[in-house]
Amino acid sequence: WPGARILFLGEGLVACPFLLFLIVYRKNFHTGGGSPGRAESLAAGDEATRACDAAELPLLRKVAAVLLNPQFLLLALGGSAVQFIIGGFGFWMPNYMTQEMGLSKAEAGLYFGGITLFCGVAGTFGGGIILDKITPPSAGRSADIRTRGLAASRVCFGFALLTVPFCMCLPWVRRLWLFVLVLAIGELAIFFTQAPLLIGIMCAVELELRGLATALCGGFFGHALGDFWSPVLVGYIKDKTGSLHDGMALLTSWILLSLPFLGLASAGLGYRLVQRRQLQH
């Protein structure tokens, strides 16, 4: 625990400059109800086909509008599978390193905490930087926003695909140095998906629904379908088998479930379904 407290303190100190930045420049991020981009369709297509203003919908209608958005659903379901692994790693990996790699609790905590801290910061920043290099942020045209949303989905899918070999072989690695290397690369690739995933979510829905969409993605899909169940499932398998190995093998193979959803999102299936629905109306 003393080592973990140091890691938490370090993570909090790293976040302080960003908090100060948001406080100082908070007015620059305000978009009022009368802004020119208010009526844009970020999902796809023709703004004139929208029947009502999303800002004036009641809350339940807004939630339904987000949940019925195919591109949002594909990204959120793929992201929940990634979050499943992150939650399971966070809960069980120190114990796994203690039991399977022969480390003390303090050593396991410092190894895993250091890897997660570095990979979390570097991966989250790196994913956003790569996406900005591929497609600079749009000034507001819906076609540009769709292009950026597709690029975000493809970056997310690419790094999820890169995660597969490292996650899948992790439970069978027995040398400590190799285990740490494989874990670090796998976690780094996982965290590279996070920023593009959120950008893809925001580009998939209308401007007024962005906050709700990110909340549903993180709160419902990320937790209720993701990291809430992974510690429970791994613990259940551990109780049945007496070892964390089988549970960890299942946990690391969960990344495969993200690939169909993120792959379809990166192919633009959700956007095409939205366009078809708009043409029908």
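Reader: Is F221 buried or exposed, and what is its relative accessible area?

Author: This is a predicted model, in which local features need pLDDT of at least 70, side-chain atom pairs count only at pLDDT 80 or more, and totals for chains, interfaces and linings use all residues. Residues are numbered from 1 along each chain as its sequence is written, and side-chain values use heavy atoms, with hydrogens and water left out.

F221 has a relative accessible area of 4%, so this residue is buried (under 20% relative accessible area; exposed is over 50% and partly exposed in between, with a 1.4 Å probe and protein chains only). F72, at 0% relative accessibility, is also buried.

The structure holds 7 aromatic pairs; rings of Phe, Tyr and Trp (its six-membered ring) pair if their centres lie within 6.5 Å, and planes under 30 degrees apart count as stacked, over 60 as edge-to-face and the rest as tilted. The ring centres of F72 and F221 are 5.7 Å apart and the planes stand at 80°, so this pair is edge-to-face. Because F72 belongs to helix α3 (residues 70–101) and F221 to helix α8 (residues 210–227), the pair ties together parts 149 residues apart in sequence. Helices here are DSSP runs (H or I, at least four residues), numbered from the N terminus. F72 and F221 form one aromatic cluster with F220.

A stacked pair is formed by F84 and W254, with 4.0 Å from centre to centre and 15° between the planes. F84 lies in helix α3 and W254 in the loop between α10 (245–253) and α11 (255–266), so this pair ties together parts that are 170 residues apart in sequence. F84 is buried at 3% relative accessible area, whereas W254 is partly exposed at 23%.

Note on methods:
Helix = DSSP H or I, 4+ residues; strand = E, 2+ residues; numbered from the N terminus.
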